[in-house]
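User: I have a protein model on my screen and I am new to this. Can we go through how to read its pockets and helices?

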Amino acid sequence: NDILEFDTSSATVELAAKALNVEPSRIAKTIAFRGVEGPILVVAAGDAKADNRKFKEEFGLKAKMLTADEVLDFTGHSVGGVCPFGLKTDIPVYLDISLKRFDTIFPACGSSNSAIQLTCAELEEYSSYKRWVDVCKGWQEV
């Protein structure tokens with residue numbers, strides 16, 4: 001009952017922030033990457049971008065996103081609605097520390113017009129995350 005559905009698209013960080021009337025950084029985007037043993041998901045703040053050096057140090061390979069078809073095949077969600085729960089296959093989920101600066105964040109809920117407001121503790125629980133990681137840049141306050 002906590003899932004928010006919109007009449008407009010929330011498929012991008014900017015569209016989701018507009019639909020929710022929140023700052024874009026509070027959108028928790030779920031990004032699907034190639035991992036050493038298969039796909040992995042990283043959930044990061046809307047203003048964060050993958051940092052290749054940090055990603056390689058953490059996961060042992062360069063950050064390379066899955067194709068839209070691969071994302072749908074592995075997660076069961078289309079790009080624009082990918083979330084770290086309700087997944088089609090058992091994909092490891094990692095949470096980027098860029099999210100920790102917020103009391104609540106807004107991940108998508110499996111469609112391009114949905115979201116849910118969660119605390120980081122709720123995101124940990126619902127995503128069955130592996131661990132917190134530091135693999136993004138561009139979000140730190142100066």
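Predicted model: local features only at pLDDT ≥ 70, side-chain atom pairs only at ≥ 80, totals over all residues.

User: What is the volume of the largest pocket?

Analyst: The largest pocket has a volume of about 520 Å³. Next, look at its lining. There are 26 lining residues, and the closest to the centre are Ala 11, Lys 29, Thr 30, Ile 31 and Gly 80.

User: Which elements supply at least two residues of that lining?

Analyst: Four do: helix H1 (13–20) and strands E2 (27–35), E6 (106–107) and E7 (114–115). E2 has the largest share, with seven residues.

User: How does the lining of the largest pocket divide by class?

Analyst: Sort the residues into nonpolar, polar and charged. Here 18 are nonpolar, seven are polar and one is charged.

User: What lines the second largest pocket?

Analyst: Its volume is about 190 Å³. Among its lining residues are Gly 35, Glu 37, Pro 39, Phe 59, Tyr 94 and Arg 131. Strand E3 (38–45) and helix H2 (52–59) each give two or more residues to this lining. E3 gives the most, with three. By class, the lining has seven nonpolar, two polar and three charged residues.

User: H2 came up there. Which of its residues are buried?

Analyst: Buried means under 20% relative accessible area. In H2, Lys 54, Phe 55 and Phe 59 are buried. They share the same side of the helix, because they cover an arc of only 105° around its axis.

User: Which exposed residues sit on the face of H2 turned away from the buried side?

Analyst: That face carries Arg 53, Lys 56 and Glu 57.

User: What do the buried residues of H2 pack against?

Analyst: They pack against five strands, namely E2, E3, E5 (93–96), E8 (131–133) and E9 (136–137).

User: What should I look for at the two ends of H2?

Analyst: At the start, check for a side chain reaching a backbone nitrogen. A side-chain oxygen of Asp 51 comes within 3.0 Å of the backbone nitrogen of Arg 53. At the other end, check phi. Gly 60 follows H2, and its phi is positive, near 85°.

User: Let me try H4. Which of its residues are buried?

Analyst: In H4 (residues 120–127), Cys 120, Leu 123 and Ser 127 are buried. Seen down the axis, they fall within an arc of 55°, so they line one face of the helix. These buried residues pack against E3, E5, E6 and E8.

User: Last one. Where is His 77 found?

Analyst: His 77 is in the loop between helix H3 (68–75) and E5.

User: Is His 77 buried or exposed?

Analyst: Compare its accessibility with the cut-off for buried, which is under 20%. His 77 has 9% relative accessibility, so it counts as buried.

User: What lies around the side chain of His 77?

Analyst: Start with polar atoms. A polar atom of the His 77 side chain lies 3.3 Å from the backbone oxygen of Phe 85. Then list the contacts, leaving aside neighbours within four places in sequence. Those of His 77 include Val 71, Leu 72, Val 82, Cys 83 and Gly 110.

Methods
Residues numbered from 1 in each chain as written. Heavy atoms only, no water. 1 Å grid on protein atoms, 1.4 Å probe; cavity = no way out; pocket = protein on both sides within 12 Å on 5 of 7 lines; lining within 4 Å. Points joined across faces, edges and corners; volume = space filled by probe spheres on them. Nonpolar A, V, L, I, M, F, W, Y, C, P; charged D, E, K, R; others polar. Buried < 20%, exposed > 50% of the residue type's maximum accessible area, 1.4 Å probe, protein only. Arc of directions from axis to C-beta. Contact = heavy atoms within 4.5 Å. Polar contact = N/O pair within 3.5 Å; in protein donor to acceptor, adjacent residues only side chain to side chain.
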